[in-house]
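Please keep the structure in view while reading.

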Amino acid sequence: MEINTARFLVSNQEVTKCPAPQKPEYAFIGRSNVGKSSLINMLCRSKYLAKTSSTPGKTQLINHFVINEKWYLVDLPGYGYVRSSKAKRDEFSVMITDYVCKRENLMCLFVLIDSRHEPQKIDLEFMEMLANNEVPFAIVFTKADKLGKEKIKTQVENYKTRLLEDWEELPSIFITSAEKREGRDEILQFIDEVGNEWKVEN
Ligand code: GTP
Ligand code: MG
């Protein structure tokens, strides 16, 4: 599958105001600054479609993009940015939980993890919440260019081992670099495959 057109549609603070769930949807979540917006731009081969920043907390709304006029990509605010106020963190947390649990056309939520970090409690708890609510998700390791090939392998293996302490099965896992455009084909192929379920159901 190739992305031929990508356009910004709308930003929202509330799930109920998001576009009608008539197209299959894929969203990107993870800690603030993990690289959600950069990954969306990399997938769409666009520099400025989703707004990125080296300062955490850039994306503050639920942003819908229409791809090939057929499906939605969604850029979400990051969770757990320690330097924002508790009120702001709580607001994002409610928005995100509401979004992931209520969006009926959400085919897959891509949970982004910075490949340089050891497993963090906040991410593990977030994925636990997804599993409990039966939200379909995949893991995307970001910023792979910042590590050597061998190191990234060890990091991912360690992460899997940690997940298998709690779970019997692993979700799909992708290794990406927005900088080096790595992991693009794999994610698009996956979206294509998951999208077939939409065609069958609708
Ligand atoms: P918030 O919207 O603030 O939650 O952040 P975000 O997750 O959308 O992150 P964003 O895409 O804005 O990227 C944060 C910073 O990481 C920016 O300075 C990016 O240039 C950098 N970055 C993102 N992806 C990569 C990558 O694959 N490699 C490298 N080296 N830097 C990256
Ligand atoms: Mg962002």
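## Contacts of ligand 1

In this predicted model, a nitrogen atom of ligand 1 lies 2.7 Å from an N or O atom in the side chain of D145. The protein covers 88% of the 660 Å² of accessible area that ligand 1 has on its own. Oxygen atoms of ligand 1 also take part in contacts of this kind: one is 3.0 Å from a polar side-chain atom of K143, and an oxygen atom is 3.3 Å from an N or O atom in the side chain of S32.

Where does ligand 1 sit? Its place is in the largest pocket. There are 21 residues around ligand 1, and of these K36, S38, K58, T59 and A178 come nearest.

Since S37 belongs to helix α1 (residues 36-43), while T59 belongs to the loop between α1 and β3 (62-67), the pair ties together parts that are 22 residues apart in sequence.

## A residue in helix α4

N158 has its place in helix α4, which spans residues 149-166. With a relative accessibility of 37%, N158 counts as partly exposed, because that class holds the values between the 20% limit for buried and the 50% limit for exposed.

Although N158 and E118 are 40 residues apart in sequence, their C-alpha atoms are 8.0 Å apart in space.

Most residues other than glycine have a negative phi. Against that background, R45 is worth a look, as its phi is positive, at about 50°, although R45 is not a glycine. R45 lies in the loop between α1 and β3, and its relative accessibility of 52% makes it count as exposed, because exposed means over 50%.

R181 likewise has a positive phi, of about 55°, and is not a glycine. The position of R181 is in the loop between β7 (173-175) and α5 (184-201).

Methods: Residues are numbered from 1 along each chain as its sequence is written. Chains are lettered from A and ligands numbered from 1 in the order in which they are written. This is a predicted model: local features need pLDDT of at least 70, side-chain atom pairs count only at pLDDT 80 or more; totals for chains, interfaces and linings use all residues. Side-chain values use heavy atoms; hydrogens and water are left out. Helices (H or I, at least four residues) and strands (E, at least two) are DSSP runs, numbered from the N terminus. A residue is near a molecule or strand if one of its heavy atoms lies within 4 Å of it. A polar contact is a pair of N or O atoms within 3.5 Å; within protein, one must be able to donate a hydrogen and the other to accept it, and residues adjacent in sequence count only if both atoms are side-chain atoms. Accessible areas come from the Shrake-Rupley method with a 1.4 Å probe; for residues, only the protein chains shown count as cover. On a 1 Å grid over the protein atoms alone, a cavity is a set of points where a 1.4 Å probe fits but cannot get out, and a pocket is an open set with protein on both sides within 12 Å along at least five of seven lines; lining residues have an atom within 4 Å of a point. A molecule sits in a cavity or pocket if more than half of its atoms lie within 2 Å of its grid points. Buried means under 20% relative accessible area, exposed over 50%, partly exposed in between (1.4 Å probe, protein chains only).
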